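Please open the model in your viewer with residue selection and distance display ready, and follow the stops below in order.

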Amino acid sequence: MPNPKDLLSKARLAWAHEWLKAPKTFYSGGHFLSGDSKNTWRVMNPSTEQVLCEVPIADEKAINHIVNSAQTAFTAGTWSEASRKVRREALIRIGQLIREHGEELATLESLCNGKLFSESLIDDVPESADVFDYYAGWIDKLYGDTVPVDPGFLNYTRREPVGVCALIVPWNFPLLLACWKIAPALAMGNTVIVKPSEYTPLSVLRLAEIIHEEGNLPPGVFNVVMGDAQTGKLISEHPGIHKVSFTGSTAVGKKVLTGAAQSNLKTVTLELGGKSPNILFADLPDLEGAIERSCTAMFSHKGEKCSEPTRILIEDSIYDQVVAGLIKRANAIRLGDAFEEGVDQGPQAHQAHFKKVMEYIELGKQEGAKLVCGGVAEQKNGKGYFVRPTIFSEVKPEMRIAQDEIFGPVLVAIRFKTEEEAIRIANQTPYGLAAGLWTADLSRAHRVAARLDAGMVFVNRYGCYDFASPFGGFKQSGWGKEMALHSLDAYTKTKSVWIKL
Ligand code: NAD
């Protein structure tokens, strides 16, 4: 990975601090407006615990205004009925703009989320740009069908935009997860209202400014609202919204579903939590490589990734060797400010989350798991929500640290003796987002992959992602898939048209 020092232009950090001084407002109908809400949220830097800026929290009046803007734009057809060329070029241009403003966006992302600047710049920003190219390419490739019905009739299907789509995203990949939704929703002709997490609204706000300055989307097509749980609830229950695409916790996902059911039965896509297993069989092809990758997949982005391998299941005969390798690597991780040279891991994204992670570490000790590394906070100059990479060994599958999503740098290591036992333990949580397995036995790879109750299975390389491959979980990890054709299904509705011949 390149050195962050080589990547960061100090001027960008200075630019960001100037940018933060300007009032932050919602983006609605092609205008920035603050509304009259007196309710505000302080956006913090989790490395320094300093306030970065205050943003307004949308109340019912502001939400109504924004929904109205998005509805008006949708009904006007300036976007939904625009030519394919116009929409394609607009999306490609947004991707270019994200690249051109990449350093700014990455700086804002790391300031409020705490992830390394290099992670924001190298992982998040390019992917956020590329997803616009990917879905721009789909605009003229999604066909309806001609249906072979009985003679005397012609029956065909049309793929139509859903309408006003609310896109609610969490704080762990604020820009990237928003773009995963914005690009396909716009490609299919919808209008969107993006609600970033209250903890990390900066990059999406900057994206609104960039799009506004470029002026390549008709007013009201792209809207941004800031807010908290109450704002999210107002959105879920709003009768003027036709679709909610939600990424966040399982608990809140259920609330979104309730809100949708009790209002207008808007359609809902849910990308929720995980507690993903990563099974290391003793016959794996490259032990050191497997340990290295498992460690990176677990601890990068400070363990705040929904699909990270938080439960490592290790076959008895290699258990001690693997745990020793994990401890060695985890102990070598250097904690520090997202912009500091030589740092491997930033702080947890916010104070309440930091406390939750530390409470789980205490719980693990109380449950009788063996703490073999980390387990402590590590402040810098007396500040920051830093948690040392933590590993619990000899964990029992039924312990809460092996069942609950912790969403921080806390890995649990579980011992197994047989393939059957590994599969049983792997499937033994309410979640089913992802799973990994490592083996040189081709038959076992297919056999186990088929029996893992998870939306994504990685064999001999944990964590592979591509816009062309479906992303999303089973069980309480979600409803529906994102990426590829799946996102296009989520943002279109299919109409069946009958013609009597
Ligand atoms: P969260 O559920 O607390 O919040 C997510 C978003 O929902 C935020 O914008 C928040 O303001 C909003 N919200 C809060 N209460 C709401 C309500 N009652 N109604 C509607 N919206 C509401 O999640 P978080 O703490 O921001 O993010 C961490 C969670 O996200 C983890 O559980 C993680 O696994 C999950 N996640 C899942 C995926 C995936 O693709 N499956 C990806 C990233 C993160």
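Select A484 to begin: this residue is buried, because its relative accessible area is 7%, where buried means under 20% relative accessible area, exposed over 50% and partly exposed in between, with a 1.4 Å probe and protein chains only. A484 lies in helix α17, residues 484-490, and has a positive phi of about 50 degrees although it is not a glycine. Helices are DSSP runs of H or I with at least four residues, strands are runs of E with at least two, and both are numbered from the N terminus. The model is a predicted one, in which local features need pLDDT of at least 70 and side-chain atom pairs count only at pLDDT 80 or more, while totals for chains, interfaces and linings use all residues. Residues are numbered from 1 along each chain as its sequence is written, and side-chain values use heavy atoms, with hydrogens and water left out.

Now colour the two domains, whose bounds come from an automatic or database domain assignment: domain 1 covers 27-272 + 478-498, and domain 2 covers 277-467. Taken over C-alpha atoms, the centres of domain 1 and domain 2 are separated by 31 Å. To their contact, meaning heavy atoms within 4.5 Å, domain 1 contributes 30 residues and domain 2 contributes 29 residues. Between domain 1 and domain 2 about 2,500 Å² is buried, 61% of it from carbon and sulfur atoms; this buried area is the accessible area (1.4 Å probe) that two parts lose on being put together, summed over both. On the domain 1 side, select E49, L116 and W171, which lose the most area to domain 2 and together make up 24% of what that side buries.

What is the count of salt bridges between domain 1 and domain 2? The count is zero, a salt bridge being a side-chain nitrogen of Lys or Arg within 4 Å of a carboxyl oxygen of Asp or Glu. Helices α5 (102-113) and α6 (117-136) each supply at least two residues of the domain 1 side that touches domain 2, and α6 gives the most to that side, with eight residues.

R99 is partly exposed, with a relative accessible area of 38%, and D133 counts as partly exposed at 32% relative accessibility.

For another salt bridge, select K21 and E18, whose side chains meet at 2.7 Å, N to O. K21 and E18 are three residues apart in helix α2 (residues 10-21), which means that about one helical turn separates them. K21 counts as exposed at 62% relative accessibility, whereas E18 is partly exposed, with a relative accessible area of 49%.

Then select K305 and E308, whose side chains meet in a salt bridge of 3.5 Å, N to O; both of these residues are buried.

End at helix α9 (residues 229-237), whose buried residues are T231, G232, L234, I235 and S236. These buried residues pack against α3 (60-76), β7 (164-168), β8 (191-195), β10 (243-247) and α10 (250-262).
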